[in-house]
Amino acid sequence: MRAGRLLLYLVLLAFAVYYLLPVYVLLVTSFKSFAEVNLYRMWSPPRSLSLESFRRALFGGMGYHGLAPNLKNSFLMVLPATLLSAFLGSLNGYVFARWRFRGANTLFTLALFGMFIPYQSVLIPLVQTMRALGLYGTIPGLILTHVIYGIPITTLIFRNYYATVPKELVEAARIDGAGLLGVYRRIMLPLSLPGFAVVLIWQFTSIWNDFLFAVTLAQNPAVQPITVALNNLAGSYIVEWNVQMAGALLAALPTLLVYIFLGRYFMRGLLAGSLKG
Amino acid sequence: MRFYRRREQVLSVLLVLPSVLALFAFVYGFIGWTGYVSLSNWNRLVPDYTFVGWTNYQRLLQNPRFLITLRNLGVFTGLFVGGSVVLGFLLAVLLDRRVRAEGFFRTVYLYPLALSFIVTGVVWRWLLNPGSPQMGSTGINRLLELMGLGFLKSGWYTDPRVGIIAVAVAAIWQMSGYVMAMYLAGLRGIPEELREAARVDGASELQIYRYVVLPLLRPITFGALIVLGHISLKIYDLVVAMTGTGPGFSCDVPAYFMWETTFRANRFGQGAGIAVILLLIVSLLIVPYLRLSLRREVEV
């Protein structure tokens with residue numbers, strides 16, 4: 001039995017090593033100076049900690065631009081898009097949670113289809129529409145896109161959340177004379193802070209990590225979010241490995257921090273996003 | 001009272017109308033638009049909506065690269081979905097055995113999910129960089145050498161026979177923790193009495209998993225297959241960041257081919273055709289799932 005437990009922990013540790021391996025390489029490589037980046041010594045820790053790769057990844061080096069402006073672009077895109085889509089999702093979820101008319105479920109299911117489609121099937125019209133609106137290649141254009149395609153998931157999470165609010169609470173507020181919006185503002189909104197946490201974290205992570213919309217709608221380097229810029233940086237043959245790894249670490253950091261500190265809500269979003277009802 | 005009722009209904013319609021309309025325009029309207037482009041002659045930069053029927057689809061089906069991407073997508077989906085489900089289930093079962101520091105292990109197994117496929121691709125491109133005969137081995141190959149497992153070395157994504165398998169390795173690394181989390185939640189939902197009862201009846205631990213636990217976890221397996229399946233069929237970013245088309249298109253997938261055809265080669269009609277076929281493939285998976293959950297909801 002003791003041997004069995006030992007084996008269990010050894011297996012668990014072996015898997016932990018497997019999952020941490022890339023982060024190990026990411027860390028040891030990005031803290032090496034260029035002189036020390038040697039393919040043979042890829043797995044060895046750096047002899048001394050150098051921040052040179054981070055400086056170059058942020059501010060650029062010989063023949064390439066740094067990622068600092070793109071990090072800023074990402075924040076400028078992610079923060080408004082996340083807040084807006086959480087707000088919309090909460091309003092929609094509230095209405096859909098109380099609607100009982102014929103076809104409401106069908107309508108909702110048709111809306112949900114929008115979160116599963118391959119976005120390739122809307123890209124060409126999306127580019128044309130954004131051009132017509134004058135939003136092509138702009139951060140507001142990206143925000144609008146993320147808010148609209150975020151409607152299904154945010155509505156779903158909030159609808160399932162509001163469905164659990166006891167009817168008595170709503171009825172009590174109604175007797176006190178609260179209308180549709182009154183119930184929303186006085187009962188639902190204060191109760192839905194955990195729901196907001198789940199949705200904000202979910203949207204923050206997926207919008208930050210998005211590549212397809214960003215690469216399609218933001219061809220101009222000045223507005224590119226971090227994912228696109230990192231891909232360009234890493235795809236360039238003149239950029240050293242240590243700088244690429246430092247860049248990858250910078251791009252990963254915001255969502256990693258969210259995951260580490262708010263993992264509980266992250267998990268709930270995951271399960272809500274995967275299992276309907 | 002009835003007047004208020006009516007007024008509230010109008011108000012609630014008004015509340016959701018803008019987002020519902022925008023969503024339906026951006027989803028169904030755009031899909032229809034893409035469908036129309038796929039039947040048009042728009043195969044240069046300037047839009048040309050001249051109707052040409054099935055020409056774009058006929059050309060696609062004769063294009064060897066397109067057929068390779070479809071085959072790659074099949075191989076990738078089988079490996080990625082199968083690998084993630086098996087690995088995720090294994091990890092969940094291990095973690096469910098009252099492990100100390102369970103929180104630590106769970107966090108470590110799950111964190112890749114918080115990363116973008118671009119970051120994963122950039123890192124795994126380096127890890128699976130095989131090195132060269134002149135320079136020696138690098139990355140995983142070097143690690144295998146150091147561990148005395150040199151015979152396992154591979155050309156990874158530089159070898160056309162491996163190609164898409166290397167991409168699947170990185171994708172499994174990223175998503176298997178997610179399956180683990182789903183199964184773990186499911187396992188925690190199974191009352192201990194059920195297993196205890198089976199044990200009293202003389203079932204071995206293996207039999208308990210086979211006849212008690214697995215059937216109860218069927219909805220989770222189903223959910224995992226849907227989620228992983230649709231991610232897999234749409235896989236794009238990871239290929240962009242990790243390999244590109246690979247040697248002989250061995251890492252190419254339809255989503256990648258669509259983007260290149262449309263926005264690099266300006267063959268919009270062809271690109272739209274690929275997008276429509278991709279949408280149909282994803283719909284084969286998603287539409288039955290949505291219909292099922294709709295029916296279940298109406299019954300409740």
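1. Into which domains is chain A divided? There are two entries: domain 1 covers residues 2–59 and domain 2 covers residues 68–274 of chain A. The model is a predicted one, and it scores ipTM 0.91 and pTM 0.92.

2. The C-alpha centres of domain 1 and domain 2 of chain A are 32 Å apart. Where these domains meet, domain 1 of chain A contributes twelve residues and domain 2 of chain A contributes eleven residues. On the domain 1 side, helices α1 and α2 (52–59) of chain A each supply at least two residues. The most comes from α2(A), with six residues. By class, this side of domain 1 of chain A has seven nonpolar, three polar and two charged residues.

3. The contact between the chains takes 66 residues from chain A and 74 residues from chain B. On the chain A side, the largest share comes from helix α1 (residues 2–30) of chain A, with ten residues. Sorted by class, the chain A side that touches chain B has 47 nonpolar residues, 18 polar residues and one charged residue.

4. The largest nonpolar core holds 175 residues. Those that touch the most other members are L230(A), A248(A), V167(B) and V239(B). Helix α7 (residues 164–188) of chain B gives the most to this core, with 17 residues. From chain A, the core draws at least three residues from each of domain 1 (2–59) and domain 2 (68–274).

5. V167(B) deserves a separate look. Leaving aside neighbours within four places in sequence, V167(B) is in contact with F76(B), Y157(B), L238(B), V239(B), M242(B), T243(B) and C251(B). One of these partners, V239(B), is also listed with V167(B) among the core residues that touch the most other members.

6. Chain B has 13 helices and two strands. Its radius of gyration is 24 Å, well over the 19 Å that the globule rule gives for 300 residues, so chain B is more spread out than a compact globule. Along the principal axes, the C-alpha atoms of chain B fill a box of roughly 85 × 70 × 30 Å.

7. Of the 300 residues in chain B, 46% are buried. Among the contacts in chain B between residues at least 6 apart in sequence, 68% join residues at least 24 apart.

8. On confidence, chain B averages a pLDDT of 89, and 97% of the residues score at least 70. Where pLDDT is low, the predicted coordinates should not be read in detail.

How values were computed
Residues numbered from 1 in each chain as written. Chains lettered and ligands numbered in written order. Predicted model: local features only at pLDDT ≥ 70, side-chain atom pairs only at ≥ 80, totals over all residues. Contact = placed C-beta atoms within 7 Å. Helix = DSSP H or I, 4+ residues; strand = E, 2+ residues; numbered from the N terminus. Nonpolar A, V, L, I, M, F, W, Y, C, P; charged D, E, K, R; others polar. Domains from an automatic or database assignment. Core = buried A, V, L, I, M, F, W, Y, C linked by C-beta atoms within 7 Å. Buried ≥ 20, exposed ≤ 12 C-beta atoms within 10 Å, placed from the backbone. pLDDT = per-residue confidence, 0-100. Rg over C-alpha atoms; globule rule 2.2 N^0.38 Å.
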